[in-house]
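Trainee: I am new to this structure. Please take me through the terms used to describe it.

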Amino acid sequence: MTTRAHTLNLPLLGGLASLVVILLLIGGAFVALLLAAADIDIGAVVGDSYIRHVVGFTVWQAALSTLLSVGLGVPVARALARRPRFFGREGLRYLFAMPFLTPVIVAIFGLVAIYGVSGWLNRGLDLLGSAQDFHLYGLAGILIAHVFFNMPMVVTLLLPRFEAVPADSWRLAAQLGMKSGAIFRVIELPLLRQTLPTIAMLVFLLCFVSFVVVLALGGGPQATTLEVAIYQALRFDFDLGRGVSLALLQLAIGAGLFAMTRLLERQMPLMPKLRSLVARPDAAGRLGRALDLIVIAIAALFVATPLAAIVIEGILGSVGHLVSDPRLQLGTLRSLTIAGCASLLCGCLALGISMSGRQRPGRSPRWSGLLQMASVSGLVVSPLALGTGLFLLFRPVVDQPWIAYGLVVAMNAIMALPFGLRTLSQAVADAAREDDRLCGALGLSGWNRWRLIDWPKLRRPLGGCLALAFSLALGDLSAIALFGRDGMETLPLLLYQQMGAYHMPDANVTAALLLILNFACYAAIAAGVGGRARR
């Protein structure tokens, strides 16, 4: 009996350990910010006209980015829902998942290759005799980049909702002779009213805390957000007071936005078994079919061309010269090491939190609440606010390389945790619901249960969690830009430096290498840990 009780508590202990690590990092950073702000006149900083401009621009660009991402994502998702079968549809869904996995700085490089002053778009306009008057840097570039990242996410989140409309609704719509406009007004608009506010708030939050996009494409003080202002205050102006004040302001606004997202969230049951039984009555018209295919094609080209430009420009770059460069070799090694450590840490935290939720319902409501708070901490806390707190906390020893590397790993793990946990927690809950009674009847627990029951079911979602965390950490620029020193360049930082120095032939190769390495590592980890799909 003693052994059994002890075994049943192991998941709880794993969750407690994960919670302690997260709270120490985020709680310690928050306490450090508060202590540093004790002697700072935050009111004077907040009342500064430039800071008001920064806050206003941050909100403005996030609102415009959200409006464009959602406004373009809805017709694309609707078009895909109306065309459930066409050649390349599954490949298109994989394409729309790529921007989330693509390192931000690499995607920016691809966007510059397409929309920059000497990019493909302006060169094409020049061949057609049109003036080259399109400039990427500034608000226009920020909006294009945010739409590139968030429009596919909106499509991915909305498409299952459109596909989950019950078959009876389509039968009734066909009997009533409803056209496309009536179907949208009667069936789809109420669905969007339930789903879209949560998606829009999520997109707004991601654009609000955007750092690398604004840092690379902002183009000057007129296009500066809170995240970039924090970075400039700490790394260039050495103004600790302003950096701390802005970090606290960022933290307060981010927490408020996330609270609004939780209030707007509504769970809607999906019924995938019914979605393929009855065709939509508005899918047969030739005009509608043509418009849908045009919308889908434009969205696919918008996402695919920057990714294709990265690979093509990389092949045409100085591959032989750069591959033998020690900086690129060491940067690749550092990136892989940091990403591997962050992936393992994120996987351990996610597994500990998920497994602890396998306890009997109602066992500890407070414990469940703390776990929920910990699981979403990476969305509530912006990277620069967390980094500022950790910088203050470890300021006496932050110049030590191993401390700086440790902070970069910890930040990447915390930022990836909400996304990695999403791929793992539901699988753990499903496995517990299916197997708890059987394991209890057979006396299976501890290592034997994990080896025989849990591991075969959880290895695929765990592999997805590790691969996703590795991919996000491999392409991260925020943490290394804040804590990195000379001799600590990773591939994203090296690419940013090459772009800033206009060494475009070298940047071509670095961007292509980082993109290919990112997708190759993601696939290798997902397949190596996850194995083949169980039937």
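**Terms and values**

Mentor: Of the contacts in the protein with a separation of 6 or more, 84% join residues 24 or more positions apart; contact means heavy atoms within 4.5 Å. This is a predicted model, in which local features need pLDDT of at least 70 and side-chain atom pairs count only at pLDDT 80 or more, while totals for chains, interfaces and linings use all residues. Residues are numbered from 1 along each chain as its sequence is written, and side-chain values use heavy atoms, with hydrogens and water left out.

Trainee: How many helices and strands does the protein have?

Mentor: There are 24 helices and 0 strands. Both are DSSP runs numbered from the N terminus: helices are H or I with at least four residues, strands are E with at least two.

Trainee: How far apart are the C-alpha atoms of Phe96 and Val303?

Mentor: They are separated by 7.2 Å, although the two residues are 207 residues apart along the chain.

Trainee: What makes helix 4 and helix 14 oblique to each other?

Mentor: Helix 4 (residues 49-82) and helix 14 (residues 286-316) pack at about 125°, with axes 9 Å apart. Axes are lines fitted to C-alpha atoms, for helices over the stretch in contact, and angles run from 0 to 180 degrees between N-to-C directions. Angles under 35 degrees count as roughly parallel, over 145 as roughly antiparallel, 65 to 115 as roughly perpendicular and the rest as oblique. The angle of helix 4 and helix 14 falls in the rest, so the pair is oblique.

Trainee: Which residues make that contact of helix 4 and helix 14?

Mentor: Pro75, Val76, Ala79, Leu80 and Arg82 come from helix 4, and Gly288, Asp292, Val295, Ile296 and Ala299 from helix 14.

Trainee: Why are helix 6 and helix 7 called roughly parallel?

Mentor: The axes of helix 6 (residues 104-115) and helix 7 (residues 120-127) cross at roughly 10° and come within 4 Å. That angle is under 35 degrees, so helix 6 and helix 7 are roughly parallel. Ala113, Ile114 and Tyr115 of helix 6 meet Trp120, Leu121 and Asn122 of helix 7.
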